[in-house]
Amino acid sequence: MSKRIGFAGLGLMGGRMARNLLKKGFPLTVWNRSQERCAPLAREGAKVAATPRELAERSDVVVACVADPAAVERLVFAEDGLLSGVRPGFRYLECSTVDPGTTRRVQAALRERGGDALEAPVTGSKNGAENGTLLFMTGGEQAVHDELLPVMMAMGTKAIRCGTMGQGSTVKLIGNSIISLMLQTLCEGIVVGRRAGVSIETILEVVTASGYSSPYFTFKGNAIARRDFEEHFAIDLLVKDQTLMLQQAAALKVPLPGLAAVREVFQSARAQGFGREDICAVIKTLERAAGETA
Ligand SMILES: NC(=O)c1ccc[n+]([C@@H]2O[C@H](COP(=O)([O-])OP(=O)(O)OC[C@H]3O[C@@H](n4cnc5c(N)ncnc54)[C@H](OP(=O)(O)O)[C@@H]3O)[C@@H](O)[C@H]2O)c1
């Protein structure tokens with residue numbers, strides 16, 4: 001019999017991931033801080049829980065995809081949080097991008113009640129969530145990874161176990177640091193190219209055909225060429241991840257001069273009102289810095 005799944009956090013990613021669980025036939029209950037976001041899934045057959053506690057009580061596995069560590073704190077540890085619904089055998093799949101300290105604390109609390117957790121942050125963005133092609137980076141026990149693999153494969157196509165709890169989140173934060181610097185350098189190049197009379201299309205044609213190439217440059221470069229800044233992954237959320245990465249590095253006494261500088265550019269983008277736009281909207285901040293007005 002299919003495990004009963006609970007899904008917490010029906011944002012840009014979570015809403016699409018939950019829908020894929022429903023499509024694959026898992027009995028689904030959902031919870032979201034703003035309840036109105038549950039309505040579309042309820043119409044498609046999901047039950048709605050009033051609190052995270054109720055969500056846990058009605059489910060064998062709760063999957064979470066919420067914004068940040070404060071949201072996980074509210075979801076798990078609040079008075080009506082899911083922890084009070086945890087009993088032996090219960091499983092929690094943490095798909096939010098948060099810091100390793102948070103996922104370890106959640107795991108320890110669940111284990112005290114006979115449950116367990118697997119961290120499984122994702123990559124693939126809004127389209128991957130929609131199409132069920134996400135990649136999961138897991139941290140936790142191999143046995144729990146194996147047990148929850150069918151749940152992950154209803155939302156994605158690959159799950160790589162990165163190690164123990166905390167190491168999956170570490171890899172995810174490393175990944176988002178990489179895309180931060182890639183996006184920064186792509187945008188800088190586009191602004192210089194324009195000033196020098198070289199089009200984005202020409203830059204992308206060479207990048208794509210060469211050793212510089214990455215699907216990421218194609219994805220974001222094409223969006224910039226169209227001036228399409230609709231949210232796939234918000235600047236606010238990337239700054240959250242840059243900050244978590246810098247905090248972790250500081251705790252490990254590792255300097256990150258590149259990421260520290262790039263985060264300031266993304267902070268400027270937030271200050272200029274682009275926080276809820278896609279991360280490629282950071283080019284607007286670089287264009288302003290270069291004296292462009294459009
Ligand atoms: N977008 C991407 O491409 C992408 C890719 C990989 C990983 N991620 C990660 O996946 C997670 C979700 O991203 P998203 O793009 O889906 O974000 P989003 O659209 O902003 O959704 C955020 C979700 O978190 C909930 N939330 C925020 N603060 C909360 C709080 N204090 N208590 C309870 N719930 C709270 C929101 O509830 P409300 O509806 O009430 O606001 C919403 O359901 C983030 O950790 C993000 O870094 C995103």
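**Salt bridges in a predicted model**

The side chains of Glu230 and Lys126 meet in a salt bridge, with N and O 3.1 Å apart. This pair links distant parts of the chain, since Glu230 lies in the loop between helix H10 (215-225) and helix H11 (235-251) while Lys126 belongs to helix H6, 104 residues away. The model is predicted, and the count of salt bridges in it comes to 22.

**Exposure of the Glu230–Lys126 pair**
- Glu230 counts as exposed because its relative accessibility is 52%, above the cut-off of 50%.
- Lys126, by contrast, has a relative accessibility of 10% and therefore counts as buried, the limit for that class being under 20%.

**A link between helices H1 and H6**
- Arg16 forms a salt bridge with Glu130, and the closest N and O atoms of the two are 2.8 Å apart.
- This pair also connects distant parts of the chain, with Arg16 in helix H1 (residues 14-23) and Glu130 in helix H6 (residues 125-131), 114 residues apart.
- Arg16, at 22% relative accessibility, counts as partly exposed, and Glu130, at 44%, is likewise placed in the partly exposed class.

**The Lys284–Glu277 pair**
- Lys284 and Glu277 meet through their side chains in a salt bridge with an N to O distance of 2.8 Å.
- Lys284 is buried, because its relative accessible area is 19%, whereas Glu277, at 21% relative accessibility, counts as partly exposed; the cut-off of 20% separates the two classes.

**A network of salt bridges**
- Two arginines, Arg194 and Arg227, are linked with Glu287 and Glu292 in a network of salt bridges.

Conventions
Residues are numbered from 1 along each chain as its sequence is written. This is a predicted model: local features need pLDDT of at least 70, side-chain atom pairs count only at pLDDT 80 or more; totals for chains, interfaces and linings use all residues. Side-chain values use heavy atoms; hydrogens and water are left out. A salt bridge is a side-chain nitrogen of Lys or Arg within 4 Å of a carboxyl oxygen of Asp or Glu. Helices (H or I, at least four residues) and strands (E, at least two) are DSSP runs, numbered from the N terminus. Buried means under 20% relative accessible area, exposed over 50%, partly exposed in between (1.4 Å probe, protein chains only).
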